[in-house]
Amino acid sequence: MYSEKVMDHFQNPRNVGEIENASGVGTVGNAKCGDIMRIYLDVDENQIIRDCKFKTFGCGAAVATSSMATELVKGKSIQEALQVTNKAVMEALDGLPPVKVHCSLLAEEAIHAALWDYAQKNGITIEGLEKPKADIHEGEEEEEEEY
């Protein structure tokens with residue numbers, strides 16, 4: 001069962017769209033469920049996120065976590081945005097069903113990917129930021145059949 005906040009962010013998502021000439025853009029996906037999330041950041045000269053938008057292809061929980069993630073980083077510094085975890089996104093939405101927790105991971109990774117892109121474009125290092133994964137299951141051992 002989804003919380004009222006999840007339903008609200010799914011039915012009335014905040015910050016949908018893209019930012020032209022964005023300071024940073026991060027795209028991540030989940031090959032297992034097919035969700036794809038793209039986050040756009042507009043960062044000012046003081047490294048404050050002026051605006052944040054998203055485009056998500058996925059389930060209702062993926063849309064809701066994207067919407068909430070943009071709300072959580074807007075107006076924050078880059079370092080504060082880096083601290084937005086999947087747990088913070090889930091708590092802000094009053095929880096997610098266990099099978100949808102991966103959607104909050106996507107939101108966290110998409111923010112990190114957008115911050116990484118921003119850092120690359122500006123030739124800076126953001127302390128504590130690691131190169132993001134394009135797929136949140138990257139690096140996990142999977143049982144794949146060879147054809």
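This briefing describes salt bridges in a predicted model. The structure holds eight salt bridges, a salt bridge being a side-chain nitrogen of Lys or Arg within 4 Å of a carboxyl oxygen of Asp or Glu. Side chains of opposite charge can pair when their charged atoms come close.

**Basis of the values**

- Residues are numbered from 1 along each chain as its sequence is written, and side-chain values use heavy atoms, with hydrogens and water left out.
- Because the model is predicted, local features need pLDDT of at least 70 and side-chain atom pairs count only at pLDDT 80 or more, whereas totals for chains, interfaces and linings use all residues.

**The pair R14 and D8**

- R14 forms a salt bridge with D8, and their closest N and O atoms are 2.6 Å apart.
- R14 has 25% relative accessibility and counts as partly exposed; this class lies between buried (under 20% relative accessible area) and exposed (over 50%), computed with a 1.4 Å probe on protein chains only.
- D8 is likewise partly exposed, at 29% relative accessibility.

**The network of D51, K53 and K74**

- Salt bridges link D51, K53 and K74 in a network.
- Within this group, the side chains of D51 and K53 meet at 3.9 Å, N to O.
- K53 is partly exposed, with 21% relative accessibility.

**The helical pair K87 and E91**

- A salt bridge joins the side chains of K87 and E91 at 3.2 Å, N to O.
- Both residues lie in helix α4 (residues 86-92), four residues apart, about one turn of the helix; helices are DSSP runs of H or I, at least four residues long, numbered from the N terminus.
- K87 counts as exposed, at 52% relative accessibility.

Note on methods
Helices (H or I, at least four residues) and strands (E, at least two) are DSSP runs, numbered from the N terminus.
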